[in-house]
Amino acid sequence: MTEARDDFTLLWLQAGSCGGCTMATLERGASGWFEELRGFGIRLLWHPSVSEETGEEARAILARIERGEEKLGALCIEGSILHGPEGTGLFNKLSGTGRSMLDWARALAPRADYCVAVGSCAAFGGVPAGAPDPTDASGLQYSGVDMGGALGPDYRSVKGLPVVNVSGCAPHPGWIMETLLALSLGRFTQADMDDYGRPRIFADHLAHHGCSRNEFYEFKASAEDFSERGCLMEHLGCKATQAVGDCNQRGWNGGGSCTQAGSTCIACTSPSFEATRGFHRTPKIGGIPVGLPLDMPKAWFVALAALSKSATPKRVRENARSDHIARAPTPGTEKKKT
């Protein structure tokens, strides 16, 4: 097994951000994020929220990296890069430096072995990029679905990779830490990223996989109001079948996910998710949802949905519209009644 490097350094900066990605990261592991970094031989150079260095000490760290005197393994940036006003980036300055985050990102990214966008804001623009976007926000290498962003489509890190987009609002802490670990081991390549630069450790899954409401999805037994136990896709806007992420396969904060909590998946790992209007309503044409599962042709879905609904057990149909288990499974019951 490849040993973790003890000289892999990490710099974390916050741009146009709510701080949620940092909060998610700090949840990582039973031992905590700092112990995991130490255990994997990753040295945190500076983080604006958790490091002791401030003022001149912090500026000195950034200056050493910019001059090439301090080797930088991973540059992690959380939050959108704000280009406004008029392309100056001055809507978002790094306090005490007199320079914009747009300027710092462009100065430090070429020094990094790897550049990591933590969260959908840093990856694609995220919530700050939602219309009307007076700040002219973008991601590091994407603006929504379009390549470009603050660093441009041709940016490559020292190790030859484009920006690694650990998207999500906020991303699961495991996605962040496992990506950093793979980078520190030198085992992360372009083949480990999907078409939007998202690590395949989570992007090869759909949020739908492992959902506790899957029985209702299979029978198209749908909830029509929140608090009901049925599938949230048909009426309440859930996009779990269209969004990448293993959200329902590993717990958040020790357990749970959006759909387990009774809310819909809003596809927060996807570029431009913030442009959606009416998150809790399913757009339809002729009664058929516009957004269908990524991996199923529309005709198949329509045909299978009709068959599934015709075969829905009464227990599943009743439970789908209830806020509790109204009818428990009883072996043989459905067969006798049909």
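A residue counts as buried when its relative accessible area is under 20%, as exposed when it is over 50%, and as partly exposed in between (1.4 Å probe, protein chains only). By that rule Asp133 is buried, because its relative accessible area is 17%. The structure above is a predicted model, in which local features need pLDDT of at least 70, side-chain atom pairs count only at pLDDT 80 or more, and totals for chains, interfaces and linings use all residues. Residues are numbered from 1 along each chain as its sequence is written, and side-chain values use heavy atoms, with hydrogens and water left out.

**The sheet and its helices**

Let us begin with the strands. Helices (H or I, at least four residues) and strands (E, at least two) are DSSP runs, numbered from the N terminus. Two strands pair if DSSP finds at least two bridges between them. Here 5 strands make an open sheet with parallel pairing, in the order β2-β1-β3-β7-β11. Its edge strands, β2 (42-46) and β11 (164-166), each pair on one side only. On average, neighbouring strands of this sheet are turned by 25° against each other, direction ignored.

Which residue of β11 is the bridge partner of Ala117? It is Asn165. Strand β7 (residues 112-118) runs parallel to β11, and 3 bridges join the two.

Helix α3 (residues 55-66) packs on the sheet, where it touches β1 (8-14), β2 and β3 (72-78); contact here means heavy atoms within 4.5 Å. The direction of α3 makes about 115° with that of β2. Such angles run from 0 to 180 degrees between N-to-C directions, with axes fitted as lines to C-alpha atoms, for helices over the stretch in contact. Helix α4 (residues 101-108) lies across β1, β3 and β7, and runs at about 160° to β1.

**Pairs of opposite charge**

Side chains of opposite charge can pair when their charged atoms come close. A salt bridge is a side-chain nitrogen of Lys or Arg within 4 Å of a carboxyl oxygen of Asp or Glu, and this rule gives 18 salt bridges. The table shows some of them.

| Pair | N to O distance |
|---|---|
| Glu66 and Arg99 | 2.9 Å |
| Lys71 and Asp113 | 3.4 Å |
| Arg200 and Asp204 | 3.0 Å |

Glu66 lies in helix α3 and Arg99 in strand β6 (residues 99-100), so their pair ties together parts that are 33 residues apart in sequence. Arg200 is partly exposed at 39%, and so is Asp204 at 44%. Elsewhere, salt bridges that share partners join Glu224, Asp225, Glu228 and Arg321 into one network.

Most residues other than glycine have a negative phi, and most peptide bonds are trans. Asp133, in the loop between α5 and β8, has a positive phi of about 55° although it is not a glycine. Lys220 also has a positive phi of about 55°; Lys220 is found in the loop between α8 (214-218) and α9 (233-236) and counts as buried at 15% relative accessibility. Ala131 and Pro132 are joined by a cis peptide bond with omega of about 15°. Another cis peptide bond joins Cys169 and Ala170, where omega is about -5°.
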